[in-house]
Amino acid sequence: MPFCFKNICSNLLPAGTYKVIIESVDFRTGIGGAKTKDLQIRGVISGGTCDRRSFSDIINEKAFNFRLQPFVTAIGMDMNREFATEAEMFTYLFKQAKGKIVMATVEIKTYNGKEYNNVKDYTALPSSTVSAKDVVEDFDIPVETALNTPASKLDPAGNDFPTVSAIDDTDE
């Protein structure tokens, strides 16, 4: 991507999927300072060329049925958990979301001739597919030995480390 002041002065993120840290979730403030039931999500991108850039997403109350569910699932909340009041439910969501790391798919939309970012979807971080065997193969230790020996007894050269019971602490 070429560099120019227009690009670095723009709040527009390139379309793509980003790892983001959720900074806050709260009700959006409407006209006159009144709180609405629309949710405003603020996050910061973690890693990549847009590292530390912030973004904001609004989940409109009318879109809860298809926009809120992916977000709640991505932060690891139980969709079936019940609360005594609606206020308690949202307070719990706001607290649970803060600091969570999720994947956000961002697209670019055009409205009235201007381009805007739109968060299309939220998903949980992908699970690791690296096994213990994959990790051990990177070291100069036979796989079977490494997987069946306590780590405290292994040395990259294949030597045994002394156990705590084998160390003599007596003064000579």
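Is Asp-57 buried or exposed? Asp-57 is buried, at 4% relative accessible area. Buried means under 20% relative accessible area, exposed means over 50%, and partly exposed lies in between (1.4 Å probe, protein chains only).

This is a predicted model: local features need pLDDT of at least 70, side-chain atom pairs count only at pLDDT 80 or more, and totals for chains, interfaces and linings use all residues. Residues are numbered from 1 along each chain as its sequence is written, and side-chain values use heavy atoms, with hydrogens and water left out.

**View 1. Asp-57 makes side-chain polar contacts with Arg-67 and Tyr-122.**
Asp-57 sits in strand E3. Helices (H or I, at least four residues) and strands (E, at least two) are DSSP runs, numbered from the N terminus. The side chains of Asp-57 and Arg-67 are joined by a polar contact of 2.6 Å. The polar contact between the side chains of Asp-57 and Tyr-122 spans 2.8 Å. A polar contact is a pair of N or O atoms within 3.5 Å; within protein, one must be able to donate a hydrogen and the other to accept it, and residues adjacent in sequence count only if both atoms are side-chain atoms. Leaving out residues up to four places away in sequence, Asp-57 touches Leu-39, Gln-40, Ile-41, Arg-67, Val-119 and Tyr-122. Contact means heavy atoms within 4.5 Å.

**View 2. Arg-67 is a buried residue of helix H2.**
H2 covers residues 64-74. Arg-67 counts as buried because its relative accessibility is 13%. A polar atom of its side chain lies 3.2 Å from the backbone oxygen of Ile-58. Beyond four places in sequence, Arg-67 touches Asp-57, Ile-58, Ile-59, Val-119 and Tyr-122.

**View 3. Five strands form an open sheet, in the order E3-E2-E1-E4-E5.**
The pairing is antiparallel. E3 (54-59) and E5 (114-123) are the edge strands, each pairing on one side only. On average, neighbouring strands are turned by 40° against each other, direction ignored. Two strands pair if DSSP finds at least two bridges between them. E2 (residues 35-45) and E3 run antiparallel and share 6 bridges. Arg-42 has Ser-56 of E3 as its bridge partner.

Axes are lines fitted to C-alpha atoms, for helices over the stretch in contact; angles run from 0 to 180 degrees between N-to-C directions.

**View 4. The axes of H2 and H3 cross at roughly 45°.**
They come within 12 Å. On the H2 side, Phe-64, Leu-68, Phe-71 and Val-72 take part. They meet Phe-90, Leu-93 and Ala-97 of H3.

**View 5. The largest nonpolar core holds 27 residues.**
Val-20, Ile-22, Leu-39, Phe-71, Leu-93 and Tyr-122 touch the most other members. At least two core residues come from each of E1, E2, E3, H2, H3, E4 and E5. H2 supplies the largest share, 5 residues. A nonpolar core is a set of buried Ala, Val, Leu, Ile, Met, Phe, Trp, Tyr and Cys residues joined through side-chain atoms within 4.5 Å. In soluble globular proteins, nonpolar side chains tend to be buried together.

**View 6. Tyr-122 of E5 stands opposite Ala-104.**
E4 and E5 run antiparallel, joined by 9 bridges. Neighbours within four places in sequence aside, Tyr-122 is in contact with Ile-41, Phe-55, Asp-57, Arg-67, Pro-70, Phe-71, Ala-74, Val-102, Met-103 and Ala-104.

**View 7. Arg-52 and Asn-112 take positive phi values.**
Most residues other than glycine have a negative phi. Arg-52 has a phi near 70° and is found in the loop between E2 and E3. Arg-52 is exposed, with a relative accessible area of 70%. Asn-112 has a phi of about 50°. Asn-112 belongs to the E4 and E5 hairpin, which has 2 residues between the strands. At 69% relative accessibility, Asn-112 is exposed as well.
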